[in-house]
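Hi,

Here's the structure I said I'd pass along. Have a look, and then read on for what turned up in it.

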Amino acid sequence: MADSSAPKPSSSVKLVLLGEAAVGKSSLVLRFVNNDFQENKEPTIGAAFLTQKCNLPTRTIKFEIWDTAGQERFASLAPMYYRNAQAALVVYDLTKPTSLIKAKHWVAELQRQASPGIVIALVGNKLDLTNDSAGADGEGAGGGDGEDARKVTTEEAKTYAEEEGLLFFETSAKTGYNVTEVFTAIANAIPETSLKTARGPGASAAAARTEEQRVNLNGPRDPNAKEGCAC
Amino acid sequence: MAQETEDLTSSLSPSPSPPPPPLPPRRKVSGEAPLQVGGQLQSKPTTAVSSIDISTLSFPDGTRGTFPTPSVGSGPSPLNSGYGTPSRDSSGDNLTDSMSVMSFAPTVRAPGDLASLVAGEFNRKSRAWNLLRSQSETVQPFEAIEYGDSGELSGFEKEFDNIPENLTDDVRLSMWQSKMKHYLILSSAGKPIWSRHGDLSLINSSMGVIQTIISFYEGAKDPLMGFTAGKARFVVLTAGPLYFVAISKLGESDAQLRGQLEALYMQILSTLTLPTLKNIFVHRPSTDLRKPLEGTETLLSSLADSFTKGSPTALLGALECLKLRKSQRHAINNIFLKNRTDQLLYGLIVAGGKLVSVIRPRKHSLHPSDLQLIFNMLFESGSVKSGGGESWIPICLPAFNNSGYLYMYVSFFDDDDPPSTSKPTTTTNNSNNNTTPTIPEEGTPPPPPPPPPPSSQPDPESQEIALILISPSREAFYPFSTLRHTLLASLTKSAHLPLIRSSLSPSHSRPSIPSILPPSHAQAISHFIYKSRPNVQFLMSSLHPSFTSPLARRKLFSQYQTLHAAAHAKHAHLKVIYSVGEDCASLGWVTPLFELYCVAGPNVSRQAMTEAANRVVKWVGREEGRVFIIGGGVF
């Protein structure tokens, strides 16, 4: 469809991060967007909006990321962020079983309320605190004390994810292990059809394509915003 | 119990009213008194100490060990404690008796101002003093610090250190007690909510004691406002279902401490709103408020720390502006006004905690206490800044309306913002300009984590420029994000953004004394704060070079707090207050238009200081259009 000389088709994907407070949502985003990590990061207030491009072999996905605060009092605002989202990252802390319960609640809410085709990834973060993080480079400091802080087994979470049809990853925002993989997998899992709308009209005229694409980048958003203001 | 030093401001009236009726514990103590009084008994004070020490344990007043060796010859002097109440060691043998008399002395009076004013007059009469002074005018205020003598503030450097968790409780408790400033918040049911120092498990018993004392007086329909224990002043604020307690050894007045507690209360309201807070406790008085407030502890702590470091905003209830030419500010306001969207309630550009531009509807103004909360969130605590990107924050501005949320858009203009963002993609985030697309090939090991940032402590002379857009509509994010990009483009094109950035440089952002005063007067003032009362804004001279260390800054602001308290005490009709102390001289001048507070070296004469102060006032008068925002952009 796209010849090699033309720029790869690009489309934007609205992605929302949900999960209990202090599981590492902002740290995952910080790792993905800036390839950075902060110890003792202060809690997010409200929500933060960031963007990052993700290059796939055939197309470029521009993630528009809503990093939400995990505290209970912000829960009522969540629909504002997952409305019209094409993807969601539901994060739990694999050293804290209650955070998986909370994650399951979020998954249920998303399946009930969010757009029907939403791609959901279940992410167990803080792998650096466990013993089986051998895959992560720079390991040894966190889990090296012989203390395995893991409280949620891979099997338990994986089984649940398979039942619900979710993508599943265990990550460490601290070491960076598996972080970009999560986003790549999401980018790959977004159905072509939901991206088609973003670049459909431009396909006919090659000259107008890039122009169209630019306009289209705003396309899905601006109507939403107006819609929102009207309510 | 600690009744022997309690001091009810409600009984401050001059009439020698008897103490409040319910004081059984004290009778008990005075019943034992004969056993403790008397010379030979001073050497075996074990019983006395233990009965007193019960309260010492709860109230860290640093008086441990003072009982066995009663101080000789130091009569109860108002200068000692700074509150007109005796410190425990000065009360000598007659512990209980003298306390019961003295505990009704006024406490709101400024420590020692009158005495030192008199002392100053004495000094002036002495020829020898005049001779000496002519050689020592150059002595800087608080010079003792340089010789390693921090006086009563010794240990202040460690004030903001965390109490490590891996020590024994005894060690941690004594570290906790050594802090000079504490803030505690608890519910009226006695549930701890927040404390600046120490985890709640460590200080749970202290919380319990405080709750008991407060509710004891609540029960007697005679609410406890404050009391003194040793060198620590306790001030209590009851706000609905919450108790706020400040414990200070820094010599602040009750009114100032109460103002700080109110700011903490406002921070809680700004998180929850008043109706929510009330609802929570109406339904379940024993609710643990820590859960609903989760995540805002850092905001409370950074607010509290700014008070402890010395906050002119909190002291004066005013804001600081970035100095800009009138025409430049006008142009920035106009760019802002031209691009505003319908949903905008308030728009602000803030650089390093200083206001650059404000636009607001004609019928609404912004309250400094609300802005203080916003600035604290953005510039003092890292919550918003560290995340990067654009933030969308529900916030209640209690002075504007304490019953509902507004929505606040925040974005920082980074240095690496592109010079022009003419691209139609309106939500490109600046943070991805310096990162390449990040999908590595399969199997590529992720790069090692970068070293953690040296400290989460924000730079005091922060140079970030933030755009703040506030709307009553929760859906205004995308229009505001667009507005940000058009604004950024216009401000960059008109070269105003580089201008703001250059005005922010440490050498420009606050005027230095030599740049204001001619050399002949520059010695006569070391630092000043000027508050413009009609504009509710303040201006202060650069803290560089003499007041950059936390200790020197704290001493400076203690001086300002003393002046301010004296000038604003109830029934004080002071216009000018001049005070000379051991390590500095200070001058306060209050008129309907402005308040000026200055500090100089201890040997500067009153005349020289007054002349310099006059020149400062004249200078501010000339520069008023630049150093203050007058009116701002109104739509």
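What is the order of the strands in the open sheet of 12 strands? The order runs E6(A)-E5(A)-E4(A)-E1(A)-E3(A)-E2(A)-E9(B)-E10(B)-E11(B)-E7(B)-E8(B)-E17(B), with mixed pairing. Its edge strands, each pairing on one side only, are E6 (167-170) of chain A and E17 (633-634) of chain B. Strands here are DSSP runs of E, at least two residues, and helices are runs of H or I, at least four, numbered from the N terminus; two strands pair if DSSP finds at least two bridges between them.

Before you go further: this is a predicted model, where local features need pLDDT of at least 70 and side-chain atom pairs count only at pLDDT 80 or more, while totals for chains, interfaces and linings use all residues. Residues are numbered from 1 along each chain as its sequence is written, and chains are lettered from A and ligands numbered from 1 in the order in which they are written.

Where the chains join up, E2 (residues 47-55) of chain A and E9 (residues 390-395) of chain B pair antiparallel over three bridges, with A:Phe49 opposite B:Glu390.

Chain A has eight helices and six strands. Among the buried ones are A:Leu28 and A:Phe32. After H1(A) comes A:Asn35, with a positive phi near 50 degrees.

Cheers

Conventions:
A residue is buried if 20 or more other C-beta atoms lie within 10 Å of its own, exposed if 12 or fewer, and partly exposed in between; C-beta atoms are placed from the backbone.
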